[in-house]
Amino acid sequence: MISVIISEKNIFENKIVVDDKADINHLKNVFRVKVNEKIRAVDGKKEYFCRVEELDKKSITLIIDEVFEDRFSTKIKIDAAIGILKNDKMDLTIQKLTEIGINKLIPLNTKRGVAKVSEKKEKWDLIVKEALKQCQAVRPLIISDVLKIENLKLEEYDLVIVPYECEEEYTLKNLLIKRKDMIEKILYIIGPEGGFDESEIEYLKNNGANIVTLGKRILRAETASIVVGGVLINEFQ
């Protein structure tokens with residue numbers, strides 16, 4: 001079913017008015033929707049199954065038939081802090097973390113990072129929006145402002161996980177076997193293309209992070225971001 005992302009201001013009792021120019025153009029000229037055609041709308045909290053009532057130049061009016069609470073997001077919030085990657089690699093990571101259901105992505109400025117980005121990019125939110133439509137979820141991936149590792153609020157998390165290529169024995173599986181109870185919020189931290197600096201690992205260790213190995217193979221940062229996120233979503237959904 002075609003999906004459109006809205007906000008609460010678009011909802012009027014039993015109707016939704018789509019007024020975003022890009023969405024109107026997409027629905028009219030790409031999907032060529034017609035009156036009475038079914039459309040799914042989401043506002044980050046609920047999903048609305050609707051029918052097209054009216055097509056105007058500046059808006060599309062939908063009639064709400066059914067409303068559902070978010071049935072797709074995990075109860076445990078899983079956040080990812082990712083060393084900023086170059087262009088398409090970062091775009092891919094954002095897309096896939098949205099698809100699998102990560103709660104928040106924190107872009108990290110790290111010592112060995114190749115991509116020099118100091119501010120959140122506007123296109124990142126656009127990638128989230130398109131990925132959310134594709135995967136038929138309700139809650140979008142939140143992308144925070146760019147931070148440094150020392151600015152992460154590690155104390156807010158019940159479990160902090162750091163995959164590190166120099167760790168050889170303590171696996172993610174070992175950690176999850178020991179730490180499955182009383183967890184409501186998880187953060188995992190992935191280094192950039194250049195990997196973590198030793199001082200960053202020491203800082204994380206000293207502040208309660210669990211350093212783990214993902215196995216003998218060295219994964220690309222974008223691969224590790226998706227793999228670890230997928231394992232955690234599967235473990236705690």
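## Salt bridge count

The count comes to 15 salt bridges, a salt bridge being a side-chain nitrogen of Lys or Arg within 4 Å of a carboxyl oxygen of Asp or Glu. The model is predicted, so local features need pLDDT of at least 70 and side-chain atom pairs count only at pLDDT 80 or more, while totals for chains, interfaces and linings use all residues. Residues are numbered from 1 along each chain as its sequence is written, and side-chain values use heavy atoms, with hydrogens and water left out.

## A buried pair

Arginine 40 and glutamate 47 form a salt bridge in which the closest N and O atoms are 2.7 Å apart. Arginine 40 has a relative accessible area of 2% and is buried; glutamate 47, at 0%, is also buried. Buried means under 20% relative accessible area, exposed over 50%, and partly exposed in between (1.4 Å probe, protein chains only).

## A pair between two strands

Glutamate 69 forms a salt bridge with lysine 46, at 3.8 Å from N to O. This pair links distant parts of the chain, 23 residues apart: glutamate 69 lies in strand E6 (residues 60-69) and lysine 46 in strand E5 (residues 46-55). Strands (E, at least two residues) are DSSP runs, numbered from the N terminus. Glutamate 69 is exposed at 52% relative accessibility, whereas lysine 46 is partly exposed at 29%.

## A further pair and a network

Aspartate 125 and lysine 120 meet in a salt bridge of 3.1 Å, N to O. Aspartate 125 is partly exposed at 37%, and lysine 120 is partly exposed at 29%.

A network of salt bridges links Asp23, Lys129, Glu130 and Lys133.

Methods:
Helix = DSSP H or I, 4+ residues; strand = E, 2+ residues; numbered from the N terminus.
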